[in-house]
Amino acid sequence: MKSKILFVFIIGFLVSASLYKSELITKEVINFNSSIVKIYDDSVNFIRDRINEYFRQKEEILSLRAQNAELEKSAVLLANFANELNEILLDKNSSVYEPKIQLVRALSYVNISDYNKIWLDKFEDFNSSKIYGLIYQGKSAGIVVSKDDRPMALLQNDPKNIFAVYIGNEKIPGIAHGNKNGLIIKFIPQWLHPKEGDEVYTSGLDGIFFSGISVGKVTKVIEESLYKSVLVEPYAKVTIPSYLYVVIKEK
């Protein structure tokens, strides 16, 4: 009797051990399979991301090459135009027209709470007694003055940003002043007729800019008793620029 009980106990133990081991093996196999699947998915995703990145870079390179080719074309045409213009000026015994600009790096805000004043890297031939024009993306962006013998940019909305402009096809002369809403041009004689939508561009009469740099568009004409004023929305939207151009020689 005792031998039968012992036999049943041994059989039960072996069956339980077998089931436990089978469950353990199954669990390990599932974990192993999951690891393999994860490695495979990660590998596929990595390869796909690298391929997508390659094609994105290729598209960007092609786009940049096309833009560069267009810029080279423009540079050639402008050089040809400047050469023809200089030939005309030589015939008239005039001086050579040679506008020059220089790329400068923006360093930091002068005051952290004032986004209209920026320190610039000191550029070649910087003269602390001179005021320079500032260009960003082909548009007027403000002026450069000296502070503590360092070049400081006064951006478009700064009240001390002042330079000469023309308004519209009639070339109405004016002096643009920065304000919080953009630019304002005051003291326009009553017999002149600026209109909303008129293009505003630099006149070059102040020795700060050369003529023809786009400034903005007239958004409002204000009728005063003795003169007119116009509000101008600037084209250049300068917030945190990295590099700008300084007009180092107007002509």
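View 1. I101 is located in strand β1, where strands are DSSP runs of E with at least two residues, numbered from the N terminus. In this predicted model, local features need pLDDT of at least 70 and side-chain atom pairs count only at pLDDT 80 or more, whereas totals for chains, interfaces and linings use all residues. Residues are numbered from 1 along each chain as its sequence is written, and side-chain values use heavy atoms, with hydrogens and water left out. I101 is partly exposed, its relative accessible area being 41%; buried denotes under 20%, exposed over 50%, and partly exposed the range in between (1.4 Å probe, protein chains only). Together, I101, L103, Y243 and Y245 make a nonpolar surface patch of about 390 Å². Such a patch comprises nonpolar side chains joined within 5 Å, from residues with over 30% relative accessible area and no salt bridge (a Lys or Arg side-chain nitrogen within 4 Å of a carboxyl oxygen of Asp or Glu). At least two patch residues come from each of β1 (100-111) and β12 (243-249).

**View 2. The enclosed strand β3.** Five of the five residues of β3 are buried, so this strand is largely enclosed by the rest of the structure. Y132, L134 and Y136 point one way from β3, while G133 and I135 point the other way.

View 3. The antiparallel strands β3 and β4 are joined by five bridges; strands pair if DSSP finds at least two bridges between them. L134 has G142 of β4 as its bridge partner. Two residues separate the strands of this hairpin, and Q137 in the turn has a positive phi of about 55°.

**View 4. The exposed residue Q137.** Q137 occupies the loop between β3 (132-136) and β4 (139-147). Its relative accessible area of 64% makes Q137 exposed. The C-alpha atoms of Q137 and Y235 are separated by 9.5 Å, although these residues are 98 residues apart along the chain.

Technical notes:
Helix = DSSP H or I, 4+ residues; strand = E, 2+ residues; numbered from the N terminus. Patch = residues over 30% accessible without salt bridge, like charges linked within 9 Å, V, L, I, M, F, W, Y side chains within 5 Å. Areas by Shrake-Rupley, 256 points an atom, 1.4 Å probe, with all protein chains shown as cover.
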